[in-house]
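Please look over the sequence and the structure shown here before reading the report that follows. The sections below take up strand pairing, helix packing and some backbone details in turn.

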Amino acid sequence: MKIGIDKIGFFTSNLYVDMAKLAVARNVDPNKYLIGIGQTKMAVIPPTQDVVTLAANAANRILTVADKEQIDMVLLATESGIDNSKSAAAYVANLLGLNEKIRVVELKQACYGATAALQLARTYIAVHPTSKILVIGADIARYGLNTPGEPTQGGGAVAMLVTKDPAILAIEDESSYLTRDIMDFWRPLGHYEALVDGKYSSDVYLDFFNTVFTDYKSKTGLKTVDFSSLLFHLPYTKLGLKALRLAVSDLDKRIITKLNEEFENSRIYSKKVGNLYTGSLYLSLLSVLENSQDLLPGQRLGLFSYGSGAEGEFYSGILQSKFKQQLIGHKELLKNRKEVTVAEYEKIYKATVTSQTNIQLDYQNDPATFIFSGIDNNKRQYLHR
Ligand code: CAA
């Protein structure tokens, strides 16, 4: 039975900051951010969006009334959750008007979480083929103003409907994964910004990629040339490029050119949004599907997921016959965003809601369908409009 991604949608806020202008404000050569880091714009997430609303807004873009009636599980991966007990998935299921006879869970293993959710959904459907599972990766990446991590912030959510006989990507059975207990990036309880050993985290990412990709090829007998595109978790897009270079180092020029072209297609959206943490790999997938002119049904895509702490996985999927017709398009969403100045971005960054027990947010300027409107007596309030 084929199982995989039947629908995929993305959402981010309507605000961004220009990376060249941020570089100037930080006394850095703009090419460091544009080329060295590989980012041109960065999503600025207002206080009126959190992982619940980002997730609900992403899912709402792809789900029909019939989908909403049929979904029997929501798996929401995040590392910027809003409660230590209640899952963000419970809020999202309610906001989307899903059936009450469903399971909802929040998963956490840094940026790897959505891949865990996808693989768990796939194995569940193998036993329950009529099940439809909503898998979401939603996050807001925060390192702090004026920190080395600042140009690698961002935020948003990717929602995927996982079913049998999927219209977009059938996930193949084999995969290779690796876990090591290390401290490359973490966020202790009570911290609103991640702690990170930046260079170490990038080195570990590349080491994990090399290890799981090599293991995957030896397990399956597949070679790098068997992939029409290699997709990566993109905390900043230059890191994916470094991983790609490792993968293609011994190939002939024609294949390198082809994989490079598809890599460029896969990083178009991330370059304009920044790090999505859990959703990042799936934004690369969406970007290559919506921007490549060459990908065809039947072709194999390779996907590398990495979550600090650390866990990595390489797996693959086969493009399905109607994948192009199933895509909803996200160029307009990104084009219609509003630029904010560096000063405005800093003000918005500092306004993020932390521990207030009662707060009312001014949400008039946020055009999203789902809004975080404040906190009443320690209970988060959401609006659907
Ligand atoms: N023109 C072109 N390139 C330039 C340049 C210029 N004028 N100036 C500098 N550069 C290049 C540098 O040569 C360097 O390139 P290489 O990596 O190829 O050597 C690149 O720009 C970055 O420069 P630095 O290494 O000096 O950058 P930095 O020390 O300020 O920090 C960083 C970079 C470590 C990525 C930092 O932004 C960071 O800590 N980010 C957060 C951590 C992160 O994203 N880790 C990724 C792996 S962890 C993970 O994947 C999970 C997750 O999502 C967080």
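Two strands are taken to pair if DSSP finds at least two bridges between them. The model described here is predicted.

## Strand E6 and its partners

Isoleucine 136 has alanine 159 in E7 as its bridge partner, and this pair belongs to an antiparallel arrangement in which 9 bridges join E6 to strand E7, residues 154-164.

Strand E6, which spans residues 132-141, is mostly covered, with 10 of its 10 residues buried. In a regular strand the side chains alternate between the two faces of the sheet. Both faces of E6 are covered: one side carries Lys132, Leu134, Ile136, Ala138 and Ile140, while the other carries Ile133, Val135, Gly137, Asp139 and Ala141, and all of these are buried.

## Helices H8 and H9

Two packed helices are described by the angle between their axes and the distance between the axes. For helix H8 (residues 237-248) and helix H9 (residues 253-266), the axes come within 11 Å and cross at roughly 160 degrees. Since an angle over 145 degrees counts as roughly antiparallel, H8 is therefore roughly antiparallel to H9, and the crossing of these two helices is right-handed.

On the H8 side the contact is made by Gly240, Leu241, Leu244 and Val248, which meet Ile255, Ile256, Leu259 and Phe263 of H9. The residues of this contact divide into 7 nonpolar and 1 polar, with no charged residue among them.

## Backbone details in the loops

Two residues other than glycine have a positive phi, and which of them is buried and which exposed? Asparagine 146, with phi near 65 degrees, lies in the loop between E6 and E7, and counts as exposed because it has 9 C-beta neighbours inside 10 Å, where 12 or fewer is the limit for that class. Tyrosine 277, whose phi is about 55 degrees, is found in the loop between helix H10 (268-273) and helix H11 (280-291); with 31 other C-beta atoms within 10 Å, tyrosine 277 is buried, the threshold being 20 or more.

A further detail concerns the peptide bond from glycine 309 to alanine 310, which is cis, with omega near 5 degrees. Alanine 310 lies in the loop between strand E12 (300-307) and strand E13 (311-319).

Technical notes:
Residues are numbered from 1 along each chain as its sequence is written. This is a predicted model: local features need pLDDT of at least 70, side-chain atom pairs count only at pLDDT 80 or more; totals for chains, interfaces and linings use all residues. Axes are lines fitted to C-alpha atoms, for helices over the stretch in contact, and angles run from 0 to 180 degrees between N-to-C directions. Helices (H or I, at least four residues) and strands (E, at least two) are DSSP runs, numbered from the N terminus. Angles under 35 degrees count as roughly parallel, over 145 as roughly antiparallel, 65 to 115 as roughly perpendicular and the rest as oblique. A crossing is left-handed if the near helix is turned anticlockwise from the far one by less than a right angle, and right-handed if clockwise. Two residues are in contact if their C-beta atoms, placed from the backbone, lie within 7 Å. Ala, Val, Leu, Ile, Met, Phe, Trp, Tyr, Cys and Pro count as nonpolar, Asp, Glu, Lys and Arg as charged, and the others, Gly among them, as polar.
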